[in-house]
Amino acid sequence: MEVLTPRSLDEALRLKSENPQAVPIAGGTDLMVAINFDRIRPNAVLNLNEVPELRGWSRANGTLRLGAGLTYAEAMREPLAGLLPALAEASRTVGSPQIRNRGTIGGNLGTSSPAGDALPPLLVAGADVVLASVRGERRVALGEFVVGPKRNALAEDELVTAVELEPASAAETFMKVGPRNAMVIAVVSLALRAGEELRAAFGSAGPVPILVRAPRDDADAFPERVAEAAAPIDDVRGTAAYRRHALRVLTRRALDRCLA
Amino acid sequence: MLHAAVVRSPHAHARVRALDLSRAREAPGVRAVLAPGDCDALDETAEFEGRAVVAVAAETFGQARAAAELVEVEWEELEPLLDPEEAVRRGSLVGEPRRYERGGYERGLAEADAVVEAEYRTQTLNHNPLETHQCVCEWRGDGLDVYISTQYIWGVRDDVAAAFGLPPDKVRVICEYMGGGFGAKNGAGGYVTLAAELARRSGRPVRLALTRREENVGGGNRNATIQRVTAAAKADGTLTALGGEFICSLGWGGWLASTAGPMQLLHACENVRTVEYGAKLNLPAMAAFRAPGFVEGTWALECLLDKLAAELGLDPLELRRRNYANVDTMDGRPYSAKELLECYRRAEPHWERRHEVRARSDATWKRGVGLASQIWYGGGGPPSYAWVRVGSDGRANVVTAMQDIGTGTRTAMAQIAAEELGIRLERVQVQVGDSSRGPFASISGGSSTLPSMGPAVRAAAADAARQILEIAEQRFEREDGTLSLRGGEIVSPDGTTWPLEEITGLLEDGQILGKGARGPNPAGMRVLTFGVQVAEVAVDVETGEVVVERIYAVHDVGRVINPLGARSQIEGGIIQAMGHTFSEARLDDPHRGTVLTKTLDAYKLPTIADVPEIVCELIDKPDAQLTNLGSKGLGEPPIIPTAAAIANAIRDATGADVTSLPITREEILAALREARERERVGAPSA
């Protein structure tokens, strides 16, 4: 297996364009599992850990820009945690401390799992995903970026470089049900932001994370609307019926917490 | 050293139609290849997934694995038998059904004021020791050295010697340290035979280590059970009958552990009838797993008892007290010692907390307290031997060919020898783990290491002490039997003391050699261990989440040698039980019979975030009838009652009747719905 290690974003995009089959790796918390399980055998990996442009986060004109290389541990730290509390809460539920130190927001987007813990908080924050290639840069709304289970809108020469989103102007929260208290894939997860508009997004209850919106006045009917929007399946972690039920309960609790 | 990889059946039931080894034999680094016919551990018929078909040894593990992938096997798939009830109907059993009856069961039912029945189920569980099964085999002349992760070096010696037709002492087995076994490493197993045969053919040492995936398929398991049980009692709680049918999904082999044991042994009841079936299925065979049978059986029995208590309107602790057994329930023998009543007494304040715990419930979180009692063997037994060597520097060396499986046995043996010799702990060294460098010692299974080995070490240390004192008495012209060893000194009743080295120094290169043997267990007595656990839970009645907030454990295992080690055993047992209760389950494909949970990603062990507050207490009263030590084992007792105590706490909190393990959120919600339905139907019409 060939390891390509670019030192700048330009070099990374050039290498990706020359080696479209190279699989990007940052923390490796998804990719290395897939390799260890022999689900994939990439001929080349594109190591993004030495690309400075992907690191950290910034704020300009009221918009937050999170580099694709932002780790969960960084998302849990102030002042960012105060700007995006639901993302911070979601990050705290990811894996173990080691995983949170390695795993990145960009990686969670690239994997596009319906169970990706960062995706519901990003959805309620109205995130756009920034994609770049040697051809240039484009922005795709997160809801359109993830197109199916572990499938997304990335072209073969593109990389996720950042997400852009609004900081929380209203109360927001994140909740997750798992088969044990740590290091689990969610049975169901939910992020809720209660501003002028109610926004809920959930994971593990459909082929992609789904965003549901309603006017603030419709809070009473909102849990049912969220449950109805789900398209869950039965699997080893839980049944579809349980997932729908749990979504209803979590939404009501999240509303109680955010509207209190 | 070479490394081995094994080609295994991917099917639960299949036959090899064609086998092509040519590419594997030619692969880089390959030094030996074994096929069916070369070794008994390989077979062309697979009756369970993971059956070994071909083994390869190569210069590196990567090369061995690559060569194994080049072995071409054409399989003919056969229909697997996977349903335990179907196996019982067809008579596909391991051994005969085991029937037990005392008194008159039907009469007991007829005399009862209340009868409760239920079906309880438990899941298949993997041991998952940190270290998988592994060994290195090396031939030296006509003898074989086996370095191995095992709970019983002498058992491995005998198994391997038999497999190769060697005199037992031509096989030397070494296990200095190992990463746990939980019962899965009580013997050699086919993988050792493969490594030894590959080593024999290649003339090189061979390492064979199961991968985690191989371990979670073929490393042994706690078998699943279906238990249909009945309890009957008078209005005052006196049990009049206990009965049960136990179907144990053993897989292709294994043995029928006593799932009915708790029902037969724990509570006084004159009329008991049980039948146990060991269903033989196309699944990997079970292996002993920390109190095999009793963990599963106690779950059903102790949940059933609380159901009975609810039916009778009796306090569950009082119900257990009213059925206290003063002599052995099976044959009337006296117990060598039994402090279960004292356990109940000490558990009482923790049980009393239920009023305060319940009062902390709110609309969402219901809280409650439950308890369960526990009985198990753990008395150990002969034979076991130890030597204690004291040198001229006054230091002692305990030599015995036992193994420390991670339970702190070395430390316990050093403590026993140090106390007997009156010297500081750090002046005692313990040498274990080598069948050619020490006398025979017990298996580390059945909670028997300490009660079997401790007395032998104590006897050996006492023998050495006696020899030292005899020399001292001669030299200092004291009467026989007047001197003693204390605080590193030889002490006379008149207050005179001499440093121990003043006598041992005379030895120069000589040594005092004390020898000790484990004596018999007391004749005509039943030696058992006892305990009670009290669980406090909070149940989220909307999502079905259960949080175990606290577990109090009190156990009676006679004299406690190492309080910290004992507490670790209790905590470890309870943490493992948390996994058994909530998250762990081996899942099998229901049609193909293949294991779906091969990795620790899919098979969910408890994490530190799942561990409740654990409060431990030990009665710590030496069993005066049992050996020169009065100690019993504690490896198994703490895992036995936990699941039932938790389920009983869930019942206390919510009225929900959970009957199968692991307890999932969905089962909780279903049980809550049933409980509400019962209340609705049962409520008197206004």
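A:Val236, B:Leu587 and B:Leu596 come together in a nonpolar surface patch of about 270 Å². To join a patch, a residue needs over 30% relative accessible area and no salt bridge, and nonpolar side chains (Val, Leu, Ile, Met, Phe, Trp, Tyr) are linked within 5 Å, like charges within 9 Å. Accessible areas here come from the Shrake-Rupley method with a 1.4 Å probe, and for residues only the protein chains shown count as cover. A salt bridge is a side-chain nitrogen of Lys or Arg within 4 Å of a carboxyl oxygen of Asp or Glu.

Let's zoom in on one member. B:Leu587 sits in the loop between α16 (563–583) and β28 (613–618) of chain B. Its relative accessible area is 31%, so B:Leu587 is partly exposed (buried is under 20%, exposed is over 50%, and partly exposed lies in between).

## Before going on

This is a predicted model, where local features need pLDDT of at least 70 and side-chain atom pairs count only at pLDDT 80 or more, while totals for chains, interfaces and linings use all residues. Residues are numbered from 1 along each chain as its sequence is written, chains are lettered from A and ligands numbered from 1 in the order in which they are written, and side-chain values use heavy atoms, leaving out hydrogens and water.

## A positive patch

Which residues form a positive surface patch? They are A:Arg39, A:Lys150, B:Arg65 and B:Arg213. Lys and Arg count as positive, Asp and Glu as negative, with His and the chain ends not counted; a charge is placed at NZ of Lys, CZ of Arg, CG of Asp or CD of Glu.

A:Arg39 lies in the loop between α2 (31–36) and β3 (44–47) of chain A. A:Arg39 counts as exposed because its relative accessibility is 55%.

## A buried strand in chain B

Now for some strands (DSSP runs of E, at least two residues, numbered from the N terminus; helices are runs of H or I, at least four). In chain B, strand β16 (residues 239–249) has 10 of its 11 residues buried, so it is largely enclosed by the rest of the structure.

What does β16(B) pair with? Strand β15 (residues 224–233) of chain B runs antiparallel to β16(B), with 10 bridges; strands pair if DSSP finds at least two bridges between them. B:Thr230 has B:Gly243 in β16(B) as its bridge partner. The two strands make a hairpin with 5 residues between them, where B:Gly237 has a positive phi near 100 degrees. Strand β17 (residues 272–279) of chain B, in turn, runs parallel to β16(B) over 8 bridges, and B:Cys248 is partnered by B:Gly278 in β17(B).

Notes. Buried < 20%, exposed > 50% of the residue type's maximum accessible area, 1.4 Å probe, protein only.
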